[in-house]
Amino acid sequence: MQLTIDADTSIIGAFDDAIREIFDMMIGESLHQSRMDYLVDWLQNVPKTEPALTVVVGLTGGLEGAVAITLCKEAALKWTNGLLDSAATSFDQDVIDAAGELGNMVVGGAKRRLSEYGLTMTLPNVFCAGSDSMAFPSSAKPLQVSYDFSGATVSIVTSLNKVTS
Amino acid sequence: MKVLLVDDSGVMRKIIARGLNRLWVKEVIEAGDGVEALELFGDGAGFDLVVTDWNMPNMNGLELVTAIRASGNKIPIIMITTETEKTQVIKAIQAGVNDYLVKPFDQDMLTLKLERVLPNPQSA
């Protein structure tokens, strides 16, 4: 069963709460939601050349699928530098690791808020690409929620199905 | 004061190591998973604290804690994790974890947890 925005605001809300809490607590940044839409025409998308990072975490249990968190270059650097008091200006291992940790914390935070689903999460995988480079199987209906902070953008793409037993 | 810090995320190790160094810990030995941690830990001689992540490849934090306790070592262990479900917390406590820090956390929360379990050399 695919998720819909109307029916599953609690699931979207769990990810929303988690990412806001993490940015506020870990680097003192407030996120402002700027956009929410289904990614319906990804096959028509021409991947942009703007650098970005995407961390993907799989979920199993009462919900199955994957969650991707995409950071534009500015967002990835601000997140990393806020965490480490560093001054990274390009992608390096710290930036990759920081993105992975963000995925771990966001999905972990949402999992905590969605305890009724009994979710298990995979280790995060980080890709050097943005959400415009993603493609999904025809059964998926991925929803993207974007946030702005300090001139940077971070997005959560959820592609989850409810498991009916 | 010597601490074994175990996390597959290099960034998280840096954040926690910074917190440890702000206290009275001078030596932080880092490992990327439970297997590496056990090799570095050996019989535990010289270590005062283990700080470990839960969700790691090869050997996770729970397996690491179980292995350390199985050897009879009573060193203080802090688990740092996103897991907060009651059954998971009970699992960790049963395995022998002394304290628990949930991600995300700020520096104050980290310091509080570390101060609670670290032997303070000034009070000795």
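Me: How much space lies in the second largest pocket?
Reply: Good place to start, and do keep in mind that this is a predicted model. Rolling a probe the size of a water molecule over the atoms shows where empty space is left. For the second largest pocket, that space comes to about 310 Å³.

Me: Which residues that line the second largest pocket are the closest to its centre?
Reply: The lining of this pocket is made of 20 residues. By class, twelve of the lining residues are nonpolar, seven are polar and one is charged. The closest to the centre are Val56(A), Ala68(A), Met134(A), Ala135(A) and Phe136(A).

Me: Which element gives the most to the lining of the second largest pocket?
Reply: Three elements of chain A give two or more residues to this lining: β2 (52-60), β3 (63-72) and β7 (152-162). The one that gives the most, with five residues, is β3(A).

Me: How many cavities of 30 Å³ or more does a search of the whole structure find, and about how much space lies in the second largest cavity?
Reply: The search finds three cavities of 30 Å³ or more. The second largest cavity holds about 50 Å³.

Me: Which elements give two or more residues to the lining of the second largest cavity?
Reply: Residues that line this cavity include Ile12(A), Phe15(A), Leu143(A), Val145(A), Ile156(A) and Val157(A). The lining has seven nonpolar residues, one polar and one charged. The elements giving two or more residues are α1 (9-27), β6 (143-149) and β7 of chain A.

Me: What area is buried between chain B and chain A?
Reply: The contact draws 22 residues from chain B and 20 residues from chain A. Carbon and sulfur atoms give 56% of the buried area. The area itself is about 1,800 Å².

Me: Which residues of chain B lose the most area to chain A?
Reply: Three residues of chain B together account for 31% of what that side buries. They are Val11(B), Thr82(B) and Pro104(B).

Me: How many salt bridges are there between chain B and chain A?
Reply: Side chains of opposite charge can pair when their charged atoms come close. One such pair is Lys14(B) with Asp94(A), at 2.6 Å from N to O. Another is Asp85(A) with Arg18(B), whose closest N and O atoms are 3.4 Å apart. Over all chains the structure holds eleven salt bridges, and the count between chain B and chain A is three.

Me: Which helix gives the largest share of the side of chain B that touches chain A?
Reply: By class, this side of chain B has nine nonpolar, five polar and eight charged residues. Seven residues of this side come from the helix with the largest share, α1 (residues 10-22) of chain B.

Me: What is the phi of Ser150(A)?
Reply: Ser150(A) is found in the loop between β6 and β7 of chain A. This residue is not a glycine, and yet its phi is positive. The value is about 45°.

Notes
Residues numbered from 1 in each chain as written. Chains lettered and ligands numbered in written order. Predicted model: local features only at pLDDT ≥ 70, side-chain atom pairs only at ≥ 80, totals over all residues. Heavy atoms only, no water. 1 Å grid on protein atoms, 1.4 Å probe; cavity = no way out; pocket = protein on both sides within 12 Å on 5 of 7 lines; lining within 4 Å. Points joined across faces, edges and corners; volume = space filled by probe spheres on them. Helix = DSSP H or I, 4+ residues; strand = E, 2+ residues; numbered from the N terminus. Nonpolar A, V, L, I, M, F, W, Y, C, P; charged D, E, K, R; others polar. Contact = heavy atoms within 4.5 Å. Buried area = accessible area lost by both parts, 1.4 Å probe. Salt bridge = Lys/Arg side-chain N within 4 Å of Asp/Glu carboxyl O.
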